[in-house]
Amino acid sequence: MNALRASADSRLKEGQPPVPLMRSLLSAMVRPYLMKNPTAVAALDLIRKHDGGPVCYDHFAFRTFGVDGCGIDAMSQVFLDLGYKVRDELRFPAKKLRALWFSPPDHLLDMEGSEADGPLPRIFISEIIVSELSREAQEIIKRYTSRSGPISKYAATASVLNSLTWPTPHLSDYQTLAKESEYAAWTLVNGYALNHTTVSVHRLGSLRNIEKLNDFLQENGIKLNSEGGILKVSPDGGLQQSSSVADTVTFTFAGGEVEQVPASYIEFAERLVLPIHGDLHADQIHEWHRRDGFEVGNADKIFESTSSDQTGMRKC
Ligand code: OOG
Ligand code: NI
């Protein structure tokens, strides 16, 4: 165990996760995301201007390749070291994906404040199960992930620095992957970049109802992901989500070829109060009284926010 890890562990044992570092890391991940994704900026600005309440982040999401040490573990380690706890696994057999989500220490999930000074977000990290892809797709992915080597440990650093941990991709590799898995193609060019932040709708002011918020955003020109309907509702009704369609950015591939690729999007989540807490007054309600976690049926459709069907980009 190295000295840095040992000192982080001893602080955690004393029950004091280094909160300023957590906040700085999360803010640093949001910075390149805001630079690259004008729709996320526009949606946040509209909400800040018209809502009046705090804008808090429900969760942050990342995508990974589940091979060569580049998968969920590469991205989750820093959060675990900072006091996050692993919660549930979600599986998406048709997309060949699995995901884990992580929660911050309890008292940091529910607190006053907004954005970088507010409640800490849950973390949702998915990975594509590379061994289940075609031989050709596996070969392409491994050609990059094997070059990532020990650097994959610094997934969070790469996210902050807006850099890939593998060599600049070739356009032909991107195009071949996109035919089989748009998730894989996205990950090849975006790496560990923040895939989306999610606004906590139930913490907002006048827009604290997701259907109202969706109407407001669409009236103001924000295009929302329509896969399976704009509003995604969990079978128990308690988790309601919507998301924008990803922005596209110009990417310079190896050899200088330039092509448009999907970048990131922004999501909105309303967590309803659990029926067993139905008697509580509004001022008694905390985050832990609300529907927690994620929902496979919702997530399956939210993944499509970066698909060519939603972005309208030409399929490769
Ligand atoms: C993640 C999609 C799922 C959620 O909140 O269920 C998701 C992705 O697009 O990588 O964000
Ligand atoms: Ni999400």
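I began with the nickel ion (ligand 2) and looked up its donors, counted as N, O and S atoms within 2.8 Å of the metal (3.2 Å for Na, K and Ca), with water not among the atoms, so that sites may look incomplete. The ion is coordinated by His59 (NE2), His196 (NE2) and Glu267 (OE), at 1.9 to 2.2 Å.

I noted that the model is predicted, that local features need pLDDT of at least 70 and side-chain atom pairs pLDDT 80 or more, while totals for chains, interfaces and linings use all residues. Side-chain values use heavy atoms, without hydrogens and water, residues are numbered from 1 along each chain as its sequence is written, and chains are lettered from A and ligands numbered from 1 in the order in which they are written.

His59 lies in strand S1 (residues 57–65) and Glu267 in strand S10 (residues 265–271), 208 residues apart, where strands (E, at least two residues) and helices (H or I, at least four) are DSSP runs numbered from the N terminus. I found both His59 and Glu267 buried, meaning under 20% relative accessible area with a 1.4 Å probe and protein chains only.

I then traced the open sheet, in which 8 strands follow the order S2-S3-S4-S1-S5-S10-S7-S6 with mixed pairing; two strands pair if DSSP finds at least two bridges between them. Strand S2 (85–92) and strand S6 (232–233) are its edges, each pairing on one side only. Strand S7 (residues 239–243) runs antiparallel to S10, joined by 5 bridges, and Leu239 has Arg271 as its bridge partner in S10.

Terms used: Buried < 20%, exposed > 50% of the residue type's maximum accessible area, 1.4 Å probe, protein only.
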